[in-house]
Each structure stands twice: as structure tokens, then as C-alpha cells.
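Hello,

Here is the structure for you to look over. My notes on it follow below.

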Amino acid sequence: MTYVIAQPCVDVKDRACVDECPVDCIYEGERTLYIHPDECVDCGACEPVCPTEAIFYEDDLPGEWSDYLQANADFFVDLGSPGGAQKTGRQPFDVPWISELPPQNEDWDK
């Protein structure tokens, strides 16, 4: 089991969760953040600090955002398990269907 970042993070990427994560498993894509399912230790530290309430324990993920469970895994297919988001830095991509979403935030500046 793991935590999942869902739609409310798209085009926001507040990063409070990144600062709180003790194992550095929250990676940054172009438009959203992703939790590495193999690196996450299920501590839950990220969930309460998310100002957009975008982070859910996998079993608590609302049905309307169920695709984000797979998106959080798919993001790492080519990236693998680098063992730390800070050393990896922002990635120049997202899962394709997230890249294709219309802007979710009026202030979002690509």
C-alpha cells in the first residue's frame, strides 16, 4: 500500500509534502507531484500538510480520482527507483493523460 497524489495537485505543486517526507519519495513532474510506490514507507507525514488535500492513502482514494493510483506508478516506469527525489530534481514530463489535462489553476504558469 502507498499514498497517492491526485487531481488537486495538478498545476499547484505546493511542495509542503516534499519538505515533510522523511524518505524523499515525492517526485516532481511538469504539472504535478508523484509518490514513488516502492519508496513510500506509508508514514502518512505528507497527507496532513497538503494544503489542497490532494494526498490520499491508496484505499481512501476517491473513486473520481482512481486513475491517479496508476498514474503515480506509471510515472516511474522509465525513471525507475532513483532512491531520492531531491537528487533527481524536477522531471520534464508527466504521465501522458495528465500532460493533456486542461489547466487546473488560473495562476499556473508553464
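A residue is called buried if its relative accessible area is under 20%, exposed if over 50%, and partly exposed in between (1.4 Å probe, protein chains only). The model is predicted, so local features need pLDDT of at least 70 and side-chain atom pairs count only at pLDDT 80 or more, while totals for chains, interfaces and linings use all residues. Residues are numbered from 1 along each chain as its sequence is written, and side-chain values use heavy atoms, leaving out hydrogens and water.

Cysteines

Cys25 counts as buried because its relative accessibility is 2%. Its sulfur is 3.7 Å from the closest cysteine sulfur, in Cys21, which is too far for a bond. A disulfide is a pair of cysteine sulfur atoms within 2.5 Å, and by this rule there are zero disulfides. Cys50 is in no disulfide either, with the nearest cysteine sulfur, that of Cys17, 6.1 Å away. Cys50 is buried too, because its relative accessibility is 11%.

Asp24

Asp24 sits in the loop between helix 1 (16-20) and strand 2 (26-28). Helices (H or I, at least four residues) and strands (E, at least two) are DSSP runs, numbered from the N terminus. The side chain of Asp24 reaches the backbone nitrogen of Ala85 at 2.9 Å, and a polar atom of that side chain lies 2.9 Å from the backbone nitrogen of Gln86.

Helix 2

In helix 2 (residues 67-74), the buried residues are Tyr68, Ala71 and Asn72. They lie on the same side of helix 2, because they cover an arc of only 100° around the axis, taken from the directions from the helix axis to the C-beta atoms.

Regards

Notes
A polar contact is a pair of N or O atoms within 3.5 Å; within protein, one must be able to donate a hydrogen and the other to accept it, and residues adjacent in sequence count only if both atoms are side-chain atoms.
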